[in-house]
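Please open the structure in a viewer and keep the sequence beside it.

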Amino acid sequence: MTQELFRKLPKVDKLLKETTFLELIETEGYPSVYNATSETIQEFRKNISNGLISDFTPDDIFKTIINKIKIKSEFNLKKIINGTGTIIHTNLGRSVFSKKNAAHIAEILTGYSNLEYDLETGKRGSRYSLVEDLICEITGAESALVVNNNAAAVLLCLDEFSKNSEVIVSRGELVEIGGSFRIPDIMSISGSKLVEVGTTNRTHDYDYENAITDNTSLLLKVHTSNYKISGFTKEISREEIVELGKKHNIITMEDLGSGVLVDFSNYGLKKEPTVFDVLKSGMDIITFSGDKLLGGPQCGIIIGKKTLIERLKKNQLLRAFRVCKMTLSSLEVLFHEYYDEKSAVKNIPTLSLILEAPEDVYTRAKSLKSLLNENDIEADIIESFAMIGGGSMPEETIPSFALSFPTFNSVSLERELRTGENPIVGRVQNNCFFLDMKTILKDDFEIILNRLLDVSRG
Ligand SMILES: *Cc1c(COP(=O)(O)O)cnc(C)c1O
């Protein structure tokens, strides 16, 4: 029996000479068809010897080959639909770009650019100068520098300002950010000596002052972006840190995490310290991410005193942390939006999603529900809450609406939508699967309909 099946297995080179295969080679290329065919034959051989196959047809083999070719031609990094309601989702790519921003990046990438070329002098230019003035103009900082991400920004600063010397940080601010950015670890990589002061819940100005020695080079404040200490608490204000720094002639720095240029409290949300607030306090150096509340590309932005930023520009590590033209072109479009706050909150998707009124989310939920109902898929609108995410405002939730699907089994629906083509990621709560409409856009409707139709057909 097994011997018979083995004999029935075609030889790879023979198969590749058949008309259907020649046609396939025409469209997919020889290497891809050859690899898929030999892998398939090997797979069948293994399954036959393991007794997993009792019979097969040439068509079974052909289908397996076609499937293998299809899987290999798919990209691993795919566009997905975010039904989690978390707006800045680190696992799902953080900030979404506007079409205008993406179009500008595409234009820069598909040709040459003046990345390191000064068009005035015709000589070599600096990539850093492309956005520096713009960032200074928008933020009001003296000087600015952009690196690969905020973790790199912090590391670069520690390497430059506090290598082999002491950095004072409050015990309440020794944060770990998802993806293993830990303040104590970054500190030891940089060769700085971490001096922890205060307790988890309370740190006073005298804690800082008592810890200052001749070997102290930096007073560091870290924004506790992804957690909140509440109850009996006391933290030293950034103004007090600045005062201490001035008194003892020590550099002050704040790792702000999510750099926001819009005061959310003007829009009815909780106050999150803005880049302007921190600058006004007199901190010498501020670092923040480009792809959190700023709403732009992955990068780390360092702003502050000119003399200090000049030192960073000469640090050898900068070469390893440098940003590419995609980042710089995107950042330029982003900061242009910030010339006018009205255009920023309208045109930067991260901000417009955060500030969108719940009524508008409800309208979107209703229109997706109608589309699904017209196609005989049941959906209920339920109240939910969206989150800002990206380690920003951990306790702040935004009222939202979601769709649940009463006729489906939650566990299998969640899995089916998450896998396969056009993945959709939703939320499961109390055994109920739902798609939060806060992060679902009108462009996503057709795909959601088709995926749900596929699942309901089985
Ligand atoms: C997010 C965050 C970082 C890391 O920033 P990346 O841009 O992800 O490298 C560092 N510090 C704080 C306080 C943060 O919130």
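A residue is called buried when its relative accessible area is under 20%, exposed when over 50%, and partly exposed in between, computed with a 1.4 Å probe on protein chains only. This is a predicted model, in which local features need pLDDT of at least 70, side-chain atom pairs count only at pLDDT 80 or more, and totals for chains, interfaces and linings use all residues. Residues are numbered from 1 along each chain as its sequence is written, and side-chain values use heavy atoms, with hydrogens and water left out.

**The domains.** Colour domain 1 (1-73), domain 2 (81-91 + 351-457) and domain 3 (99-347); such bounds come from an automatic or database domain assignment. The C-alpha centres of domain 1 and domain 3 are 55 Å apart.

**Helix α7.** Select residues 129-139, which form helix α7. Helices (H or I, at least four residues) and strands (E, at least two) are DSSP runs, numbered from the N terminus. Within α7, the buried residues are V131, E132, L134, I135, C136, I138 and T139. They pack against β5, α12 (275-281), β13, α13 (306-314) and α15 (325-337), where contact means heavy atoms within 4.5 Å. After α7 comes G140, with a positive phi near 85 degrees.

**Strand β5.** Move on to residues 143-147. Five of the five residues of β5 are buried, so the strand is largely enclosed by the rest of the structure. On one side lie S143, L145 and V147, and on the other A144 and V146. In a regular strand the side chains alternate between the two faces of the sheet.

**Helices α8 and α13.** Which residues of α13 does α8 meet? Show α8 (residues 150-162) with α13: L156, C157, E160 and F161 in α8 meet L308, R311 and L312 in α13. The axes are 10 Å apart, at an angle of about 105 degrees; axes are lines fitted to C-alpha atoms, for helices over the stretch in contact, and angles run from 0 to 180 degrees between N-to-C directions.

**The β17–β18 hairpin.** Finally, select β17 (residues 427-429) and β18, which run antiparallel and are joined by three bridges. R427 stands opposite F434 in β18. Two residues separate the strands, and N430 in this hairpin takes a positive phi near 45 degrees. Four of the five residues of β18 (residues 432-436) are buried, so this strand is largely enclosed by the rest of the structure.

Definitions and conventions
Two strands pair if DSSP finds at least two bridges between them.
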